[in-house]
Structures are given as C-alpha cells and as structure tokens.
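Trainee: Hi! Could you walk me through this one while I have it open?

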Amino acid sequence: MKRSVLAAWLALLAGLNSGAQAQTVNVSVLTDKGAAVEDAVVFAKSLSGGALSGGEAAAGSDIGVVDQVDKEYVNRVTPVQKGSRINFPNHDKIRHHVYSFSKAKTFEIPLYTGTPRDPIVFDKLGAVSLGCNIHDWMAAYIYVVDTPFFTTTGADGKSSMSMPPGDYEFQVWHPRLRGPTGKTMQKITVKPGARAEFTIRLKKVWKPRRAPASRSGGGYR
Amino acid sequence: MRCLRTNHSEYFPPAVLTPSCGNPGFVIRFTLVSFTLILALFSTPAHAEWVEWIADAGMDYTRDSNINNSFYDSEAKSDSILSPRASLGRVYQLTDFTRLSLVADIRYESYADFSDLNNTSVGGEAALRHKFGIGLFVPWTRISLSVANVNSKSDLRDRNVYKVSLRIGKWVHERVSVWAGYTYDMHDGNTEPPTYDISGSAGSVNIDLLVTEDILFGVSYSRRRGGVVSSCSPHSIALLGDVAKDVQSDLAYGKWCAYNSEVETGEFGMEASYAFGAGHYSVYISYKRRRSDVDRFDYTSDIFVSGINYSY
C-alpha cells in the first residue's frame, strides 16, 4: 500500500506541475444482483500519456506484504504495480509452504517461519493465485497492474482514488470475475465529482474447506 | 438354557481374566508404545522439524439399531450412545512433502440402556502423509498405525485394538475429493474362550463434495472380511451351529451369550457437515447401513450419528 501511495503521489506531482489539481474519484463495484463486491481491484490508466500513463514501480519502493495468520492469508487480494516486491511473513507458530503456478508469477517458498530473506518481484501483468502446500484451504491473490492508480473495494463495495484530472480507462478485476477484465473498461474523465461505477458478474470459485468432517479421511492430516 | 461352549461343556462362569491380561510381555509392549508416543509429542527428533500441534475435541450422539450384531431381528438391541472424545498430537515435517503426525486420543462411550457396554478407549496413532508434489491436485498417500486400549464395564469386552491403514487420495476438482483405503484390524481380548480375539481387513472408497463453501457432503462404501463379536440368547446359539465360535456368557444383555464369527460386512455411509467458527468447528449428521453375511445368516444395522467437532 505504501508503494502505491508513493507512486500515486509522484504521478500527482507530475500532474500538479502541469497546473492540474488532484481529484477524488469515488469507486463502486456491485454485482448484477445489486450486492456489494468486496476485494475488487479497480485500476485506471491515463489516456494522456507521459508520466501518468503507467510504468513500473519506482526503484527502492517499499516492499508490500501478504501475511499469514491463523493458517489464512492476510489480505485476500493485494493489487501492486508492475515491478513491485512483496514479502510473505509467516506470523503463525507453524510452517507454511507458499506457492503459485500462475503465468504472471510462478514461484514457491518452501517450508518456513518468520520472514523470508528475499521478497518476490512481480514483474508481469495479471493475476497471481497463491496457495499453501500444507494447508489446502489457504488462498490469496496478487493482481499486477501497470499504473500507479489502483484501489481495492471494501466490504461495502466502495473505495476512492486521488488522481490528476484527465481522461482515463478504468477497469475492474476480481478473483471471481466472470469474463475478461478488458470487458469492464470504461472511459471516464476525472474532474470534480467524478465516479467510477461498475456492475460485474461473479462466478463461483471453490477452495477446500478447513473444518474437519467426522471421518478422518483425506485432507492435510 | 445356558450358553453352550464349542467343546460341548455347559455353563460358563463369568468371563475370567486370563494371563494375557496380566501378561508381562503385553503390558511392557503397550507401555513402551504409550511412552514412546508421549515422549515423541514433547521432543523433536534431530532429523525432523516440528511444525504444528493437533488438538481436537468432539462429541457424538449415535443411534444404533443393532448394537449386539444379532443375526436374529427379534433379538437385535438398539440403543443410544453418547461419546465425548479428544485428541492431542504433534506434526513433524520430515521433508517438504512428507509429514509425520503422532496423536494420542481418548474416547468414552456411554450407552443409554445397556450401561454394561460403557467403555473408555485410550490410544494413539502414528501416521505418515506424503504429497506427490506441490499444489491442490497432486495425489497424496497416508499410512498409519494405531493402538487403543478399550476398558469396558463388561470385562468380556476389555481388549487392545491394533490397526494398520493405507490410504491414497486426490482432489479431482476444487469441489470434489476422492480417496480409497485399506485397513487391517486386530483385537486382542483377555478372556477364555478368546471371544474378542478377532481380526479383519477392509477396503473402502470415499467421495467428498463441497456443496457450498461451508457444507461438505460425503459418501462412502467399505467391505470388511473378518471377525465380529455378536450376542444372542442361549436358544439362538444352538441354532447358529458352527457359525458361532468362542462362545461365553454375556451378562451385558442379561443371561445371554457372546460369540464371534467370520463375516463379510458391507457398509454404505453418507454424511453432511457444516463448518463454522472460522473453520475451527463443524457439526455433522451421518447415516450408515451395515450388512453382514456368513453362511446362511445375515444381519443389518442402521446407524445414525450426529456430532460436533473442534479442531485447533
């Protein structure tokens, strides 16, 4: 989060240098049935070009974190700018084995406690799906974008972004999004009172259940 | 009519503790196994890494339509059983894909109508689980050895139970898990005749389906061939002929007889469970239909179980 704020501020400064004042864009993501969508990543690319049009995370940017607490990942969805580094501290008193087979980043951190020495660099655009090879129910997502303007919706399906005025392409991604992210694109002019509202359809994504059944059968035991 | 022994003697005195109960060799073996299990729980071998604790508890309520495994419908006894249970253990990660779990457990069964069947079971299990790679969909295998000492209010039923089990399984879809297993069980009683000295082997298949994120539905089928202990009236013993072996009196059902027989048992089961409490708890209901056959005799049992589980 600190890294994205730094990048956004740098972009804002570039906009301010051109005489424009940052505007707050209120974001809302709902399902086609009107329910709020939590953990939706909304991101915007400037159509103006220059310093606002994207790029990678600045060198030396803060390292992001996806934590592991009580045998669950925290947070479930983490958006980052391309080139960002993420650490995976383990605050459980047990070992975890983090892995991903996603095209955007394939990696594994074999059994460990504490914080790994080297963070993982996410240098390709797209979704990275995380698992734990010991605890099959653990799941989280990292979404890599090439713009400093992005946010994640809360439980009410809402969030906001500060960005220089101008024309942008807004898109939304969610782990359960039905259809490609590109189909959610909206061209929005950022000005006072601008809003980015999305209605998306979600599909079911399953993960193993953590709680035991009565029969001591399969599973991680 | 009294229980008839297979050597045609008549009346049996109540079950007599044989030297095997106080057999020094047996006691030493059991003590060593228990001590090793307890020691292993609180120590870390140099070649393994301790990774986590196992602490589970639960309570089951069972309704069994034929607790005495009677071949005669008119003599089948039904009862309700309340069973609290708890287990404590540790898991050692031997390699990135292989883990050893050592668990001690205790269980108490309280029968509503036939209180002589009340019993406490204390034991443990050592299990080795191996995943054939990384990811949700790689197959896994599990081999386990368990031992339990059953102490019953009915001395006839005091015994040690040993089980060796091998399972293989795999998630075939994010919603569906399948596994198959083989189990060999051996019961070592302490009476003469050795009614509870039985053994058997069983194969099983299981399928679990995630109905929703919190509701799991499972079906299973198992087939066991081996010894089963039943109880019946003295009159029925005479009718069973050679099917009934190691006959002795069984006071848990009044002046009845206990015996063992080699049967083939098929069991079909279904279970639905609901998870709550951030995945630490589940409640469940299940139904099993058990049918056993030997020679020209057969019996069935309908077993309903409901319960709650907690897992640390």
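Mentor: Happy to. Keep in mind as we go that this is a predicted model. Where would you like to start?

Trainee: With chain A overall. How many helices and strands does chain A have?

Mentor: Chain A has one helix and 17 strands. Of its 221 residues, 51% are buried.

Trainee: And what about the surface of chain A?

Mentor: The accessible surface of chain A is about 10,100 Å², and carbon and sulfur atoms supply 50% of that. As for contacts in chain A with a separation of 6 or more, 67% are between residues 24 or more positions apart.

Trainee: Let's get to the sheets. What is the strand order in the open sheet of five strands?

Mentor: In chain A the order is β6-β12-β11-β8-β9, with mixed pairing. The edges are β6 (77-81) and β9 (105-112) of chain A, each of which pairs on one side only. From one strand to the next, the twist averages 20°.

Trainee: Do β6(A) and β12(A) run parallel or antiparallel?

Mentor: They run parallel, and five bridges join β6(A) to β12(A), which covers residues 139-145. If you want a pair to click on, A:Val77 has A:Tyr141 in β12(A) as its bridge partner.

Trainee: Which residues does the cis peptide bond in chain B join?

Mentor: B:Glu192 and B:Pro193, with omega about 5°. B:Pro193 lies in the loop between β7 (176-189) and β8 (198-210) of chain B.

Trainee: While we're on backbones, what is phi for B:Ala278?

Mentor: Phi of B:Ala278 is near 55°, a positive value in a residue other than glycine. B:Ala278 lies in the loop between β11 (256-276) and β12 (281-294) of chain B, and its relative accessibility of 59% makes it exposed. B:Asp295 also has a positive phi, about 55°, without being a glycine. The loop between β12 and β13 (297-311) of chain B holds B:Asp295, which is exposed at 64% relative accessible area.

Trainee: New topic: is B:Asp60 buried or exposed?

Mentor: B:Asp60 is buried, because its relative accessible area is 6% and the cut-off for buried is under 20%. You'll find B:Asp60 in strand β1 (residues 49-64) of chain B.

Trainee: Which side chains make polar contacts with B:Asp60?

Mentor: The side chain of B:Arg85 makes one at 2.7 Å, and the side chain of B:Tyr284 makes another, also at 2.7 Å. Beyond four places in sequence, the residues in contact with B:Asp60 include B:Arg107, B:Val305 and B:Gly307.

Terms used
Residues numbered from 1 in each chain as written. Chains lettered and ligands numbered in written order. Predicted model: local features only at pLDDT ≥ 70, side-chain atom pairs only at ≥ 80, totals over all residues. Heavy atoms only, no water. Helix = DSSP H or I, 4+ residues; strand = E, 2+ residues; numbered from the N terminus. Buried < 20%, exposed > 50% of the residue type's maximum accessible area, 1.4 Å probe, protein only. Contact = heavy atoms within 4.5 Å. Areas by Shrake-Rupley, 256 points an atom, 1.4 Å probe, with all protein chains shown as cover. Pairing = 2+ DSSP bridges. Axes fitted to C-alpha atoms, helices over the stretch in contact; angles between N-to-C directions. Polar contact = N/O pair within 3.5 Å; in protein donor to acceptor, adjacent residues only side chain to side chain.
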